[in-house]
Amino acid sequence: MSIIEKALAKQQQSSTSKSQQTQTNAEPETSTTPNTKAVTDDKATLIIDKASLEERGYLIDNGTRKSIKDEFRQIKRKLLNNAFGNVSKTLHHSNLIMVSSAKPNEGKTFVAINLALSIALEQDKTVLLIDADVLRPSVSRELGINENPGIIDYLSGQSEQVSNIIYNTDIDKLKLIPAGKPHHLSNELLASEKMANFANELANRYPDRIVIFDCPPLIGVTETLVLANLMGQALIVVEESKSSIADIKAATEHLNEDLALGLVLNKAIRSHKDLYGYYGYGYGTKD
Ligand SMILES: Nc1ncnc2c1ncn2[C@@H]1O[C@H](COP(=O)(O)OP(=O)(O)OP(=O)(O)O)[C@@H](O)[C@H]1O
Ligand SMILES: [Mg+2]
């Protein structure tokens, strides 16, 4: 039985009990700021539209959607263990985590943002969220902030300093690198040597920081595999009704064997709008 099949079986067993879990740890209160749009001048603190995030089912909910928080907590614990625990020694760039999926629109951005929020709100770790889905960027839009120069501007040389494209947000421990201005070579830039050097720098200069990359899908975008080679961990989002096991296998079979690979089954845009949660985690062999 493959990791994916085992994971599916495990998920099926646990999905009922998970939905009945109650939350035991209180979340820190998050204040809802007025819906102010971010100013675009250099290095302004970006104001995240928390009320709108809450409305759309994101983690910022001041205590109402307990199960989704629990599920993200579980995912987060695994990722943090891999990033900083014993396993980290066996991973290259253990603090760099990509979020991808087989196909578009399976919930990558939703998962990437929720994870970033979950870590930033509950842990003493700083999180850097990078919108690396440069052809279909949506992190800034989802967070309710204006577009700002980002990773594409840095990779294309428009923005020279990394510090120019890393933004503070009004969530203390959450930093953001937006996608930036559209560029005709966006995907190629993602697969460039400059990107590899940038990933090295992020991993080495900020070893105690979690870096989450919201990536393009794996099927049909070859650069995503190149990006995957720069990461220590990958989280593959699977929309239950969209990707078959064959799709998931096709999407993951070329991933680097050393990557810590996790799967998230997301029941996106369905009646319950809930995340079923994390149901598999494996290393190495994917068959
Ligand atoms: N579990 C969920 N609960 C509620 N809404 C969700 C959930 N998952 C996804 N969504 C919503 O579904 C839509 C598509 O999700 P999202 O943008 O995260 O997908 P994506 O994989 O990033 O898409 P793309 O390939 O276009 O980047 C968004 O509006 C998102 O907010
Ligand atoms: Mg997306």
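A charge is taken to sit over a ring if NZ of Lys or CZ of Arg is within 6 Å of the ring centre and within 35 degrees of the ring normal. In this predicted model, the charged end of Arg-209 is placed over the ring of Tyr-206, 4.0 Å from its centre. Lys-194 likewise lies over the face of Tyr-154, at 4.5 Å from the ring centre.

Two aromatic pairs are present in the structure. The ring centres of Tyr-58 and Phe-110 are 4.8 Å apart and the planes meet at 45°, so this pair is tilted. Distant parts of the chain are linked by the pair, with Tyr-58 in the loop between α2 (50–55) and α3 (66–84) and Phe-110 in helix α4 (residues 108–122), 52 residues apart. Both Tyr-58 and Phe-110 are buried. For Tyr-154 and Phe-198, the centres lie 5.2 Å apart and the planes are at 50°, so this pair is also tilted. Tyr-154 belongs to helix α6 (residues 151–155) and Phe-198 to helix α8 (residues 193–205), 44 residues apart. Tyr-154 counts as buried because its relative accessibility is 9%, and Phe-198 because its relative accessibility is 1%.

Strand β2 (residues 127–131) is mostly covered, with five of its five residues buried. In a regular strand the side chains alternate between the two faces of the sheet. Val-127, Leu-129 and Asp-131 are buried on one side of β2, and Leu-128 and Ile-130 on the other. Strand β2 runs parallel to β4 (residues 174–177), to which four bridges join it; Val-127 stands opposite Leu-174 there. Five bridges join β2 to strand β5 (residues 210–214), also in parallel, and Leu-129 has Ile-212 as its bridge partner in β5.

Conventions:
Residues are numbered from 1 along each chain as its sequence is written. Chains are lettered from A and ligands numbered from 1 in the order in which they are written. This is a predicted model: local features need pLDDT of at least 70, side-chain atom pairs count only at pLDDT 80 or more; totals for chains, interfaces and linings use all residues. Side-chain values use heavy atoms; hydrogens and water are left out. Buried means under 20% relative accessible area, exposed over 50%, partly exposed in between (1.4 Å probe, protein chains only). Helices (H or I, at least four residues) and strands (E, at least two) are DSSP runs, numbered from the N terminus. Two strands pair if DSSP finds at least two bridges between them. Rings of Phe, Tyr and Trp (its six-membered ring) pair if their centres lie within 6.5 Å; planes under 30 degrees apart count as stacked, over 60 as edge-to-face and the rest as tilted.
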